[in-house]
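Kindly keep the sequence and the structure in view while reading.

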Amino acid sequence: EAVAILISGRGSNMISLVKQASGYRVALVASDKPEAAGLVWAAAHGLATWSLSPKGIGKAAYEARLDAALHEAGIGTIALAGYMRLLSDDFVARWRGRIVNIHPSLLPLYKGLDTHARAIEAGDAEAGCSVHVVTEELDGGKVLGQSRVPILPNDDADKLAARVLAAEHALYPRILSEFVMTPFDHVRDVALTLPETE
Ligand code: GRF
């Protein structure tokens, strides 16, 4: 299965997906940030890369360019890994059930940003990460797998983030491998949970 990994930054999850690829191959690393550190690593390791800054381009036109790059690379599945741009409902619908994301919390807890600070603030004993199917609802699609880590007494957001990140690197390749072997189950699950339309 040809996978595209979308990144916006350092790309440590992308690197672990590349290094632990099994049942899929990383056919494209794409970014909305042409200066993303992860792109440099990907190119240096012989991977195909694509990047385009969204500045001055409308969202629909931007996503049409991205979509074209994905199709040109023969992509079947998209893995978001620290991709900080929201995909439009149209884009998600076109790739329904074929986009996954990793989120640094135990979903459904702490959707959105600042997950680690919020978990510490709440006095939680545990934090973690979740790999989920991407739907139109932010961080709201079916959870495919989770990994838990303890929150320790002297944790701050950075210390906790480092512990969770190590768990992310182990979890994401494993779950992506499982996902690409059974994608249609997920398409069906997502379709079944779609809100009813008139
Ligand atoms: C990770 O914590 C991921 O869960 C979140 O953004 C961070 C990206 O880190 N969505 P990296 O670019 O993979 O190093």
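1. G11 touches A36, A37, G38, W41, A81 and G82, leaving aside residues up to four places away in sequence. Here, two residues touch if their C-beta atoms, placed from the backbone, lie within 7 Å. G11 belongs to the loop between β1 and α1; helices (H or I, at least four residues) and strands (E, at least two) are DSSP runs, numbered from the N terminus. G11 counts as buried because it has 25 C-beta neighbours inside 10 Å. The cut-offs are as follows: a residue is buried with 20 or more other C-beta atoms within 10 Å of its own, exposed with 12 or fewer, and partly exposed in between, the C-beta atoms being placed from the backbone.

2. Two remarks on the basis of this note are needed. The model is predicted, so local features need pLDDT of at least 70 and side-chain atom pairs count only at pLDDT 80 or more, while totals for chains, interfaces and linings use all residues. Residues are numbered from 1 along each chain as its sequence is written.

3. The UniProt annotation "binding site", from an unreviewed entry, covers G11, S12 and N13. UniProt positions are given in the numbering used here, feature names are shortened, and annotations may be inferred rather than shown by experiment. N13 lies in helix α1 and is buried, with 27 C-beta neighbours inside 10 Å. Among the residues that N13 touches are I102, E168, H169 and Y172.

4. Which residues are closest to the ligand? They are G9, S12, N13, G82 and P104, out of 14 residues that surround the ligand; a residue is near a molecule if its C-beta atom, placed from the backbone, lies within 6 Å of it. At least two residues of this shell come from each of α1 (12–19), β5 and α6 (157–181). By type, the shell divides into six nonpolar, six polar and two charged residues. In this division Ala, Val, Leu, Ile, Met, Phe, Trp, Tyr, Cys and Pro count as nonpolar, Asp, Glu, Lys and Arg as charged, and the others, Gly among them, as polar.

5. The unreviewed UniProt entry also carries an "active site" annotation, which covers H103. H103 is part of strand β5 (residues 99–103). Is H103 buried or exposed? H103 is buried, because 22 other C-beta atoms lie within 10 Å. Its contacts, not counting residues up to four places away in sequence, are C129, S130, H132 and D139.

6. Seven strands make an open sheet with mixed pairing, in the order β3-β2-β1-β4-β5-β6-β7; two strands pair if DSSP finds at least two bridges between them. β3 (49–51) and β7 (143–150) stand at the edges with a single partner strand each, so one side of each has no neighbour in the sheet. Neighbouring strands are turned by 20° against each other on average, direction ignored. Helix α3 (residues 59–72) packs on the sheet and touches β1 (2–7), β2 (25–31), β3 and β4 (77–80), with its direction at about 160° to that of β2. Axes are lines fitted to C-alpha atoms, for helices over the stretch in contact, and angles run from 0 to 180 degrees between N-to-C directions.

7. β1 and β2 run parallel and are joined by six bridges, with I7 opposite S31 in β2. Five of the six residues of β1 are buried. By contrast, β6 (residues 126–133) and β7 pair in the antiparallel sense over seven bridges; G128 has R148 in β7 as its bridge partner.

8. S147 lies in strand β7 and counts as buried, with 21 C-beta neighbours inside 10 Å. S147 and A167 are 20 residues apart in sequence, and their C-alpha atoms are 6.3 Å apart in space.

9. Some backbone details deserve attention. Most residues other than glycine have a negative phi, and most peptide bonds are trans. The peptide bond from L107 to P108 is cis, with omega near 15°. D114 has a positive phi, near 55°, and is exposed, with 12 other C-beta atoms within 10 Å. D139 likewise has phi near 55°; it lies in the loop between β6 and β7 and is partly exposed, with 19 other C-beta atoms within 10 Å.
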